[in-house]
Amino acid sequence: MVKDIQIADFDYPLPDERIALHPLPKRDACRLIVASKEGPIRDGIFSDLPDAILAPGLMICNETKVINARIEFHKSTGARIEIFILDPTSPADYQVSFASRRNCTWACMIGNLKKWKEGRLTKEVMIPGLAAPLLLNARLLPLKDASSPAPTREVEFSWDNPDVTFATIVEHAGNIPIPPYLNRDSEESDLKDYQTVYSRVEGSVAAPTAGLHFTPELFSTLENRGMKIDKVTLHVGAGTFQPVKSDNIGDHPMHTETIHIPRSVIADIAEAIADERPITAVGTTSVRTIESLPYLAILARTADITDPEQMHVPQWMAYDPAYQNEDTHSLLRNLLKRMEEEGLDHLSASTAIMIAPGFKWRIVDSIITNFHQPQSTLLLLVASFLGDSYPRIENSMPRWRSIYNHALDAGYRFLSYGDACLFFRK
């Protein structure tokens, strides 16, 4: 059973010197490893992607944009309090919250929380075009259930200039939240390096890093060869860095992430499946988004499709035997019909889908991704895509491990700013 998978079986040695602290000067100059379930492992350069990928086909990218989510305050005592904004709670919609002009409330992680029990924090923020600094206030809201402290706390932000949106405040008050495993402070270069060239929709606290390798020129080459490029949005949460602390993944609570998918993209996916054209996902966030679609279609049968809270894919829904024989194309066509009936151009939902060995892949034929941390849920996703079974066959090496061993031996650079992989499911 998938819930019995031992996370210790997905460990590998990753020396610190193999973690890339900065990207290469040219985005598509990184190395690219190409592999599938079987056959040789090939080495290349990311700029050669058009020659290696399945085309003509459909490529799905995540156009989320990383926000300057780390905002530093100081108490009158001098104590430093870092507020890491995660998800809007009032208003709960990302775009509406960013457009707020007086106040808004967010779920946040608080650094040095023990020094901030009550009271209001204030920070002066220099906004270009304003004659005087803007005063940003942060108020810690009470726990809704004081008996069980939560990993996040709600913080109400307010400010003294109604002409300034919260999006503008975050841009100028915060710092880009580079991954914690880089073990360094964010730098000016990260403001550009840690965004994809197609990032557009603000909301992520981590970049969809597989997309960092793309350039406009590379997209043009792919399109000239018949590749259709579509965009979805999954706002990456801090949970993407959450380690699996339980021995087996059945006890690991998968993080929830917000997704927005245009109806036209769902139609393109359904058409590609019907025409047997390959579908490539750029990054694990795009994978999680589009592989959640069949289950959102199932939910749409009884849920209010216009209510994002009802349109939520639970962690283990994809493993329910009741849904295993449902036809993916039919599910997507029915979902499109429901969206048309409701007049929806976009589907807003959330997903906590767990993708691990035993998962039934329905849509994605190839993945472009980076190398992932040991004992991470993203490594479980890769193992599943490469066809690794669990428990593994005695005296055999899992395919993911063979590929990672090759990359380590060949000097590849790992994690967010590192090199890339192109994996085929067949």
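You're looking at a predicted model, in which local features need pLDDT of at least 70, side-chain atom pairs count only at pLDDT 80 or more, and totals for chains, interfaces and linings use all residues. Residues are numbered from 1 along each chain as its sequence is written, and side-chain values use heavy atoms, with hydrogens and water left out.

**Stop 1**

Rolling a probe the size of a water molecule over the atoms shows where empty space is left. Here a cavity is a set of points, on a 1 Å grid over the protein atoms alone, where a 1.4 Å probe fits but cannot get out; lining residues have an atom within 4 Å of a point. Grid points are joined across faces, edges and corners, and a volume is the space filled by probe spheres set on the points. The structure has two cavities of 30 Å³ or more.

Start with the second largest cavity, at about 40 Å³. Select Met-254, Arg-288, Ile-353, Met-354, Ile-355, Thr-377, Leu-378 and Leu-381 to see its lining. Nonpolar covers Ala, Val, Leu, Ile, Met, Phe, Trp, Tyr, Cys and Pro; charged covers Asp, Glu, Lys and Arg; the others, Gly among them, are polar.

Now go to the largest cavity, which holds about 320 Å³. Its lining takes in 25 residues, and the ones closest to the centre are Thr-209, Thr-240, Thr-284, His-372 and Leu-378. Eleven of the lining residues are nonpolar, twelve polar and two charged.

**Stop 1: the open spaces**

A pocket is an open set of grid points with protein on both sides within 12 Å along at least five of seven lines. The largest pocket holds about 960 Å³. Select Asp-87, Tyr-94, Ala-107, Thr-256 and Thr-258, which lie nearest its centre among 26 lining residues. Strands β6 (80–90), β7 (103–111), β14 (257–262) and β17 (346–351) each give two or more residues, and β6 gives the most, four. The lining splits into ten nonpolar, twelve polar and four charged.

For the second largest pocket, at about 280 Å³, pick Pro-23, Leu-24, Arg-27, Asp-193 and Leu-212, the nearest to its centre of 17 lining residues. Seven of its residues are nonpolar, five polar and five charged.

**Stop 2: the sheet**

Colour the open sheet of seven strands, in the order β8-β9-β10-β7-β6-β5-β11 with antiparallel pairing. Which strands stand at the edges? They are β8 (120–125) and β11 (174–175); each has a single partner strand, so one side of each is left without a neighbour in the sheet. Pairing takes at least two DSSP bridges, and β5 (residues 70–74) joins β11 over two, in the antiparallel sense. Show Arg-70 with Asn-175, its bridge partner in β11.

**Stop 3: the cores**

A nonpolar core is a set of buried Ala, Val, Leu, Ile, Met, Phe, Trp, Tyr and Cys residues joined through side-chain atoms within 4.5 Å. Buried means under 20% relative accessible area, exposed over 50%, partly exposed in between (1.4 Å probe, protein chains only). The largest core has 89 residues, and Ile-269, Leu-293 and Phe-414 have the most contacts inside it. Another core, of 34 residues, lies apart from it and includes Ile-81, Tyr-94, Trp-116 and Trp-159.

Zoom in on Ile-269: leaving out residues up to four places away in sequence, it touches Leu-58, Ile-60, Ile-279, Ile-290, Leu-293, Leu-332 and Ile-363. Contact means heavy atoms within 4.5 Å.

**Stop 4: helix α11**

In α11 (residues 399–409), select the buried Arg-399, Trp-400, Ile-403, Tyr-404, Ala-407 and Leu-408. Their cover includes β1 (31–35), β18, α10 and β19 (420–424). After α11 comes Gly-411, with a positive phi near 80°.

**Last stop: Gln-242**

Find Gln-242 in the loop between β13 (228–235) and β14. Gln-242 is partly exposed, at 35% relative accessible area, and touches His-252 and Pro-253, not counting residues up to four places away in sequence.
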